[in-house]
Amino acid sequence: MLKRRIVWLGLVAIFIQACNGEHVQPEEDIYPWQITVQTDGKIRVFGITLNQSTLHDAMAVLGSNYELGLFESDDQPLALEAYFSEVTLGGISGKFILTLKVSQPELTALRDQAVKRKMLESGARRYTVTHADKMRLVQKTITSLAYIPYINLDEEVIKQRFGEPAERITVDQERQHLLFPAKGLDLLLDQEGKELLQYVAPVEFDKLRRPLLEKYTQ
């Protein structure tokens, strides 16, 4: 227990240093607030350019320890995601989920060839693709990125590093979606749990915003 507490305090100290602008590491593009909007409308975060970088490119930043899952539900089309369970950048650890650009016919073929299927509590189905397909899919482009930091964010840190959100959508007493459409960022602030940061190209931001409005503002 003492060892876990020491590790936790060390991570908190690193995070505070980062938030105060102190240089923990010299690398760029390693923190969730370092979002670069490029002239062509694409965004770059964590060294990954959405709608340009491939899964292979991301592995150079996030490492090669990941799982590839094909997901399907009754109200959502098939989607292919790469899941990195623990990545540490700049002293901050977190989970990454990358959505890959794959056509629906190809996703259907992947599902039909899958080696395993699992029903999730949500009712969605998760398929495990073949090893050969996994090797081939590393060349697919990343369209969106989700990040769950292990250290909790708070309002002060968010305001300091991300600025004021353009819009807030309340889920309940503990959770709010803070929307930054110009940066392509939807930040779910959770008072009781971990934050979730979702990144898309700004031009595609309505894909994140519209479902929230339909679910929580009617």
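Two strands pair if DSSP finds at least two bridges between them. By that rule β4 and β5 pair in the antiparallel sense, over six bridges. The model is predicted. Its ten-stranded sheet is open, with helices α2 and α3 lying across some of the strands. Aromatic pairs number eight in the whole structure.

**Sheet**

- The strand order is β7-β8-β4-β5-β6-β9-β13-β12-β11-β10, and the pairing is antiparallel.
- The edges are β7 (116-119) and β10 (167-170). Each has a single partner strand, so one side of each lacks a neighbour in the sheet.
- From one strand to the next, the twist averages 25 degrees.
- Ser 73 has its bridge partner, Gln 76, in β5.

**Helices on the sheet**

- Helix α2 lies across β4, β5, β6 and β9. Its angle to β5 is about 25 degrees.
- Helix α3 (residues 104-113) lies across β4, β5 and β8 (125-128). Its angle to β5 is about 75 degrees.
- Leu 55, Ala 58 and Leu 62 are buried in α2 (residues 55-62).
- Seen down the axis of α2, the buried residues fall within an arc of 55 degrees, so they line one face of the helix.
- An α-helix has 3.6 residues a turn, so residues three or four places apart point the same way.
- The cover over the buried residues of α2 includes β3 (48-49), β4 (67-73), β5 (76-89), β6 (92-100) and β9 (142-149).
- Gly 63 follows α2 and has a positive phi, near 95 degrees.

**Aromatic rings and a charge**

- A pair of aromatic rings is described by the distance of the centres and the angle of the planes.
- Phe 162 and Phe 180 form a tilted pair. Their centres are 6.1 Å apart, and the planes make an angle of 45 degrees.
- This pair links distant parts of the chain, 18 residues apart. Phe 162 belongs to helix α5 (residues 155-162), and Phe 180 to strand β11 (residues 175-180).
- Both Phe 162 and Phe 180 are buried.
- Ring pairs join Phe 162 and Phe 180 with Tyr 31 and Trp 33 in a cluster.
- Lys 134 places its charged end over the ring of Tyr 66, at 4.7 Å from the ring centre.

**Leu 50**

- Leu 50 sits in the loop between β3 and α2.
- Its relative accessible area is 0%, so Leu 50 is buried; the cut-off for buried is under 20%.
- Leu 50 touches Lys 42, Ile 43, Ile 142, Thr 143, Ser 144, Leu 145, Tyr 199, Val 200 and Ala 201, leaving aside residues up to four places away in sequence.
- One of these contacts, Ser 144, is 94 residues from Leu 50 in sequence. The two C-alpha atoms are 6.2 Å apart in space.

- Phe 46 is not a glycine, yet its phi is positive, about 55 degrees.
- Phe 46 lies in the loop between β2 (43-45) and β3.
- Phe 46 has 1% relative accessibility, so it counts as buried.
- Asn 51 also is a residue other than glycine with a positive phi, near 65 degrees.
- Asn 51 lies in the loop between β3 and α2.
- Asn 51 has 27% relative accessibility, so it counts as partly exposed.

Technical notes. Residues are numbered from 1 along each chain as its sequence is written. This is a predicted model: local features need pLDDT of at least 70, side-chain atom pairs count only at pLDDT 80 or more; totals for chains, interfaces and linings use all residues. Side-chain values use heavy atoms; hydrogens and water are left out. Rings of Phe, Tyr and Trp (its six-membered ring) pair if their centres lie within 6.5 Å; planes under 30 degrees apart count as stacked, over 60 as edge-to-face and the rest as tilted. Helices (H or I, at least four residues) and strands (E, at least two) are DSSP runs, numbered from the N terminus. Buried means under 20% relative accessible area, exposed over 50%, partly exposed in between (1.4 Å probe, protein chains only). A charge sits over a ring if NZ of Lys or CZ of Arg is within 6 Å of the ring centre and within 35 degrees of the ring normal. The arc is that of the directions from the helix axis to the C-beta atoms. Contact means heavy atoms within 4.5 Å. Axes are lines fitted to C-alpha atoms, for helices over the stretch in contact, and angles run from 0 to 180 degrees between N-to-C directions.
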